Amino acid sequence: MSQQNAPILSVENLHTYFRQDEGVVRAVEGASFDLYPGQTLGIVGESGCGKSVTARSILRIVEEPGKIEQGNIWLRTSGSNGSSQRVDLTTLDADSQAMRDIRGGEIALIFQEPMTSFSAFHTVGNQIIEAIRLHQKLSPKEAREKAIDLLRQVGIPKPERRIDEYAFQLSGGLRQRVMIAMALSSDPKILIADEPTTALDVTTQAQILDLLRQLQEEKGVSIILITHDMGVIAEMADAVVVMYLGQVVEEGPVDDIFHNPKHPYTRSLLKSIPSILAKPRTKLATITGSIPHPYNRPAGCSFHPRCPDFMPGRCDVAEPKLQKLNERQVVSCFLYDNLPE
Amino acid sequence: MVNYIIRRFLAGILTIWAASIISFVVIQLPPGDYVTAYIANLQSTGTVLSREEADALRIQYGLDQPIYVQYVKWAGLMLRGNFGMAMEYNRPVREVIGDRMTTTIIVSVAAIILIWALALPIGIYSAVRQYSIGDYFFTFLGFIGIAVPNFMLALIVLYASFKYFNVQNIGGLFSPEYLQQSWSWAKAWDMAKHLPLPAFILGLAGMAEVVRIMRANLLDELRKPYVVTAQAKGLSRNRVIMKYPVRAAMNPFASTIGYLFPFVVSGSIIVSLVLSLPTVGPMLFKALVAQDLFLAGTILLLLSILTVVGTFVSDLILMWIDPRIRHGMEGQS
């Protein structure tokens with residue numbers, strides 16, 4: 001495999017658990033996926049399926065008492081002499097210098113809630129400049145210039161004035177732009193966007209997505225886009241990972257996922273997208289039932305209680321494994337077990 | 001913003017005026033007056049005062065006039081910086097209170113500084129290492145600190161230092177040789193050496209409380225998304241905590257500056273008696289018992305003024321440190 005086609009980030013069999021007195025929440029249970037340079041990988045699923053915990057696991061900022069119990073997270077970094085090397089992020093100490101250089105330097109994160117994601121006591125400039133100076137040797141003055149420049153790049157009018165304002169003085173869209181500017185301040189290779197547009201109105205949402213796409217073209221950054229919105233995925237992603245209860249149930253290129261979904265969960269998700277072509281006054285399709293409580297995960301395939309294609313005696317007994325269906329798609333479902341190899 | 005400051009300032013003056021009326025009326029409330037208390041005192045030593053003598057005393061102190069006339073007279077004196085006569089001492093109030101007000105302020109400020117200097121770091125530690133042995137230890141200590149009355153602690157400290165360490169001169173703020181001297185660097189230094197113990201005893205209850213508040217505030221803040229943002233930049237955990245959530249958790253304390261002062265002063269009355277500290281606490285107590293109108297009224301009024309000033313100062317500090325307040329006001333005016 002050539003350098004260009006080797007994944008920049010490989011998550012292998014990731015398990016992140018929260019061990020509490022009441023029981024163990026298996027937030028992520030055996031997630032695997034690859035991210036390639038310049039690619040946008042969408043991770044979709046309902047609330048509580050482990051998308052955000054996966055993102056935080058990659059950055060090693062899972063909250064207590066969450067812990068990575070198993071699995072590897074391989075990051076490909078370029079060494080000083082141009083050669084590339086792979087680091088397993090799970091082996092690094094979360095607060096070590098090496099991990100902190102990667103956090104914000106190689107991998108950056110943007111959040112859903114741009115209001116509470118900024119400190120109300122510091123100007124946005126202060127917070128961006130801090131990020132810049134953490135990873136680059138710049139004087140305060142140079143860092144400030146760079147911060148203003150970044151704000152201009154993400155389309156903020158009058159950046160030399162905005163930089164001295166506080167997050168609560170900015171509109172939601174501007175705040176998210178500042179957040180993106182801050183994330184991009186150290187030219188990361190990977191940008192993880194955790195529901196970047198969920199808190200915004202639709203128009204602003206489209207603008208932010210455009211901005212992300214434009215920045216990706218300019219800087220060649222790889223994006224992991226976490227969302228529950230299939231519309232956003234269709235617009236942005238190259239490849240899609242569908243998660244359910246901490247597990248990957250289907251993976252494939254965006255076209256296949258949308259036009260030829262295999263897993264019953266993926267199909268249900270797609271059916272629940274409102275369509276402009278649908279007959280008026282028809283009910284929107286929903287997925288029956290709700291996500292089981294994390295303490296009592298169903299036996300067998302965790303989706304079987306809600307699955308339209310439930311096969312008694314099979315799905316509620318054994319756990320399906322991720323298997324390759326064809327060159328592009330991977331699925332974990334017993335429906336495809338008897339395929340000729 | 002200037003409008004706001006002026007408004008707060010005028011409100012402060014109004015509050016002081018209201019406080020002066022209340023202090024004056026409250027002191028008048030108990031049955032009898034200074035002369036009755038004085039007569040009772042004399043009787044216990046065997047002297048009997050005639051009716052005429054008592055009436056003459058009342059006229060001399062102006063106690064025969066209606067209360068509002070007395071108040072207006074008193075307020076007039078106050079405005080001219082003359083606080084009237086301390087009846088019991090037969091000297092001007094200003095002279096009697098004199099140094100005591102200074103030492104009260106010094107002791108209270110020392111207690112407040114000690115409260116913050118010790119309690120805030122402990123609170124931060126307890127929150128960051130929630131449910132650790134250290135956290136449980138300080139929690140335990142904190143509840144004891146709240147539960148034990150501080151005069152009791154003062155008694156224990158007095159007893160222990162006398163009995164086990166054979167320290168004779170534990171109470172007081174000064175060594176005997178400095179007691180009668182006027183202020184000098186040597187005297188100030190002598191006081192600085194005596195200060196930590198009473199400051200600690202006075203501050204302990206407040207300290208326990210501040211630890212609990214800081215711990216709770218910080219625990220709330222630690223879960224906020226901006227902490228994750230700061231962490232995701234690559235800041236070390238300690239720097240994240242000190243720069244962002246601690247900053248936010250400290251904010252409410254600025255608003256407590258105002259009422260911390262009366263809290264410490266009123267808490268100090270019994271402790272000051274036990275430790276024989278020359279603060280206004282014991283003097284206020286004695287003046288109230290003797291129904292010494294001018295002395296008690298002046299002390300109460302001075303304390304209210306200090307509280308109002310403290311609140312005004314904490315408003316200014318809040319405005320200075322909290323951009324939300326500062327910019328919220330920009331929008332309005």
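**Where the two chains meet**

Modeller: Between chain B and chain A there are 12 residue pairs in polar contact, both residues at pLDDT 80 or more. Keep in mind that this is a predicted model.

Biologist: Which helices of chain B supply the side that touches chain A?
Modeller: α10 (225-232), α11 (237-243), α12 (245-254) and α16 (323-332) of chain B each give at least two residues to that side. The largest share comes from α10(B), with six residues.

Biologist: And how do the residues on that side divide into nonpolar, polar and charged?
Modeller: On the side of chain B that touches chain A, nine are nonpolar, six are polar and eight are charged.

Biologist: How many residues are in contact across the two chains?
Modeller: 23 residues of chain B are in contact with 27 residues of chain A.

Biologist: What area do they bury between them?
Modeller: About 2300 Å², with 63% of it on carbon and sulfur atoms. In chain B, the residues that lose the most area to chain A are B:Val228, B:Ala232 and B:Lys233. Together they make up 25% of what that side buries.

Biologist: How many salt bridges between chain B and chain A?
Modeller: Two. In one of the salt bridges, A:Glu130 pairs with B:Lys243. Their closest N and O atoms are 3.2 Å apart.

Biologist: New topic: the inside. Which residues touch the most other members of the largest nonpolar core?
Modeller: A:Leu9 and A:Ile58, in a core of 78 residues. Helix α6 (residues 172-183) of chain A gives the most to this core, with seven residues.

Biologist: What does A:Leu9 touch?
Modeller: Leave out residues up to four places away in sequence. Then the list includes A:Phe33, A:Leu35, A:Ile58, A:Trp74 and A:Ile190. A:Asp34 is also among the residues that A:Leu9 touches.

Biologist: How many residues are in the other core, apart from that one?
Modeller: The other core has 56 residues, among them B:Tyr34, B:Val35, B:Val107 and B:Leu275. As background, nonpolar side chains tend to be buried together in soluble globular proteins.

Biologist: Let's zoom out on chain B. How many helices and strands?
Modeller: Chain B has 16 helices and two strands. Its C-alpha atoms fill a box of roughly 85 × 65 × 40 Å along the principal axes. Of its 333 residues, 45% are buried.

Biologist: Which residues of helix α14 in chain B are buried?
Modeller: Helix α14 covers residues 280-289, and its buried residues are B:Val280, B:Gly281, B:Pro282, B:Met283, B:Leu284 and B:Ala287. They pack against α5 (93-128), α13 (257-275) and α15 (293-321) of chain B. Just after α14(B), B:Gln291 takes a positive phi of about 55°.

Biologist: Take B:Thr104. Why does it count as buried?
Modeller: B:Thr104 has 2% relative accessibility, so it counts as buried; the cut-off is under 20%. B:Thr104 sits in helix α5 of chain B. Leaving aside neighbours within four places in sequence, B:Thr104 is in contact with B:Val265, B:Thr279 and B:Val280.

Biologist: What about B:Val246, buried or exposed?
Modeller: Buried, because B:Val246 has 6% relative accessibility. B:Val246 is in helix α12 of chain B. Beyond neighbours within four places in sequence, B:Val246 is in contact with B:Ile124, B:Met214, B:Leu218 and B:Ile241. B:Val246 and B:Leu218 are 28 residues apart along the chain, with their C-alpha atoms separated by 6.3 Å.

Biologist: Back to chain A, and its backbone. Where is A:Pro65?
Modeller: A:Pro65 is in the loop between α1 (51-59) and β4 (66-78) of chain A. The peptide bond from A:Glu64 to A:Pro65 is cis, with omega near -5°. In general, most peptide bonds are trans, and most residues other than glycine have a negative phi.

Biologist: What is phi of A:Glu195?
Modeller: Near 50°, a positive value in a residue other than glycine. A:Glu195 is in the loop between β7 (190-194) and α7 (202-219) of chain A. A:Glu195 is buried, with a relative accessible area of 7%.

Biologist: And where does A:Leu245 lie?
Modeller: In the loop between β9 (239-244) and β10 (247-253) of chain A. A:Leu245 has a positive phi of about 45°, although it is not a glycine. With 8% relative accessibility, A:Leu245 counts as buried.

Key: Residues are numbered from 1 along each chain as its sequence is written. Chains are lettered from A and ligands numbered from 1 in the order in which they are written. This is a predicted model: local features need pLDDT of at least 70, side-chain atom pairs count only at pLDDT 80 or more; totals for chains, interfaces and linings use all residues. Side-chain values use heavy atoms; hydrogens and water are left out. Contact means heavy atoms within 4.5 Å. Buried area is the accessible area (1.4 Å probe) that two parts lose on being put together, summed over both. A salt bridge is a side-chain nitrogen of Lys or Arg within 4 Å of a carboxyl oxygen of Asp or Glu. A polar contact is a pair of N or O atoms within 3.5 Å; within protein, one must be able to donate a hydrogen and the other to accept it, and residues adjacent in sequence count only if both atoms are side-chain atoms. Helices (H or I, at least four residues) and strands (E, at least two) are DSSP runs, numbered from the N terminus. Ala, Val, Leu, Ile, Met, Phe, Trp, Tyr, Cys and Pro count as nonpolar, Asp, Glu, Lys and Arg as charged, and the others, Gly among them, as polar. A nonpolar core is a set of buried Ala, Val, Leu, Ile, Met, Phe, Trp, Tyr and Cys residues joined through side-chain atoms within 4.5 Å. Buried means under 20% relative accessible area, exposed over 50%, partly exposed in between (1.4 Å probe, protein chains only).
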